[in-house]
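User: I'm new to this one. Can you walk me through it in short answers?
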Amino acid sequence: MPSPAEDLFDLGGAVALVTGASSGLGWRFAEVLAAQGARVVAGARRLDKLHDLVAAIRTGGGSAHAVRLDVTDRASITAAFDEAEAVFGPVGILVNNAGIAPQERVLEQSAETWRRVMETNLDAVWFCAQEGARRMVAADIEGSIINISSLLGLGVSRSLSAYAVAKAGVVQLTRAMALELAARGVRVNAIAPGYLLTDINRGYFESAAGARMIEKIPMKCIGAPADLDGTLLLLASRAARFMTGSVIVIDGGQGLGVD
Ligand SMILES: NC(=O)c1ccc[n+]([C@@H]2O[C@H](COP(=O)([O-])OP(=O)(O)OC[C@H]3O[C@@H](n4cnc5c(N)ncnc54)[C@H](OP(=O)(O)O)[C@@H]3O)[C@@H](O)[C@H]2O)c1
């Protein structure tokens, strides 16, 4: 007899697609979803890393499949959904996680960097979510789309203006899509993490400036990818059956302001 918690968060039978699964948060998301019973399709450009992830999940008794995916290429996104469906069936859980964070000051900001950030961190989230939602509705399955925004979708930081604008766009996209898709059986929510140690910021947190930043966080530490496990499972599962359009901040209190 499963406990209420096991039953609520069980993902057995679900098919999940995680973008940007070759490192950091996406890697962790794929592992956690698979451990909860989902069959996971892991997408990114570095297929060698994805094969390592898939091998680790299978060793742990889970089901996973690697797919080469460049989220800035619409044909690649469509092909990834086609492959996911062919291997495991229609995707019911989509985690829009792929992202980049190049740093440039406003006065030096190049159009090339601005466009690359928008294409990867915002345009791709829209296209993946639209493609996923269309397929969920067509397959008549209750779906969950989880967009990875950022604390910088709600505030700003020096040298990350393009990133902050794109992540703010993800917040509004989440809410706009949630409103339209609520009656179609597709929930759309976002996670807005503060700093979690991954390849995207490892260099910064090894620097003196990074150490000073940690001192300003109310909890006096940065997080780890595992700190999102519970929220991911909440949003992916029937535990969040009545939640849509929510943006969940996980940041050690950083967004609260100056103390
Ligand atoms: N870590 C944090 O503190 C933090 C805080 C807030 C929000 N976030 C967000 O969390 C997400 C994951 O970041 P992370 O910290 O895990 O960074 P990461 O370790 O650098 O991982 C980024 C992932 O995105 C993938 N990616 C980048 N461009 C891609 C493209 N064009 N097509 C497909 N995949 C692409 C990368 O895979 P390939 O290079 O193999 O394609 C990689 O797997 C990002 O959206 C980031 O903005 C992170």
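User: How many disulfides does a search of the whole structure find?
Analyst: The search finds 0 disulfides. The test is a pair of cysteine sulfur atoms within 2.5 Å. A disulfide is a covalent bond between the sulfur atoms of two cysteines.

User: What kind of model is this?
Analyst: It is a predicted model: local features need pLDDT of at least 70, side-chain atom pairs count only at pLDDT 80 or more, and totals for chains, interfaces and linings use all residues. Numbering starts from 1 along each chain as its sequence is written, and side-chain values use heavy atoms, with hydrogens and water left out.

User: New topic. Which residues are closest to the ligand?
Analyst: Ser 22, Arg 45, Asn 97, Tyr 163 and Thr 198 are the closest, and 31 residues surround the ligand. A residue counts as near if one of its heavy atoms lies within 4 Å.

User: What lies 2.6 Å from an oxygen atom of the ligand?
Analyst: A polar side-chain atom of Tyr 163 does. Backbone atoms take part too. A polar backbone atom of Val 71 is 2.9 Å from a ligand nitrogen, and one of Gly 99 is 3.4 Å from a ligand oxygen. Polar contacts here are pairs of N or O atoms within 3.5 Å.

User: How much of the ligand's accessible area does the protein cover?
Analyst: The protein covers 95% of the 880 Å² that the ligand has on its own. Those areas come from the Shrake-Rupley method with a 1.4 Å probe.

User: Which elements give two or more residues to that shell?
Analyst: Helices α2 (24-35) and α6 (161-181) do. Helices are DSSP runs of H or I with at least four residues, strands are runs of E with at least two, and both are numbered from the N terminus.

User: What about the aromatics? How many aromatic pairs does the structure hold?
Analyst: It holds 4 aromatic pairs. One of them joins Tyr 195 and Tyr 204: the ring centres are 6.4 Å apart and the planes are at 40°, so this pair is tilted. Rings of Phe, Tyr and Trp (its six-membered ring) pair if their centres lie within 6.5 Å; planes under 30 degrees apart are stacked, over 60 edge-to-face, and the rest tilted.

User: Which pair is edge-to-face?
Analyst: Tyr 195 and Phe 205 form an edge-to-face pair, 5.0 Å centre to centre with 75° between the planes. This pair links distant parts of the chain, 10 residues apart: Tyr 195 is in the loop between β6 (186-193) and α7 (202-205), and Phe 205 is in helix α7. Tyr 195, Tyr 204 and Phe 205 form one aromatic cluster.

User: Is Phe 205 buried or exposed?
Analyst: Phe 205 is buried, at 11% relative accessibility. Tyr 195 is partly exposed at 21%, and Tyr 204 is partly exposed at 27%.

User: Last one. Where is Asp 140?
Analyst: Asp 140 sits in the loop between α5 (111-139) and β5 (143-148). Its phi is near 60°, a positive value in a residue other than glycine. Most residues other than glycine have a negative phi. Asp 140 counts as exposed, because its relative accessibility is 71%.

Notes. Buried means under 20% relative accessible area, exposed over 50%, partly exposed in between (1.4 Å probe, protein chains only). A polar contact is a pair of N or O atoms within 3.5 Å; within protein, one must be able to donate a hydrogen and the other to accept it, and residues adjacent in sequence count only if both atoms are side-chain atoms.
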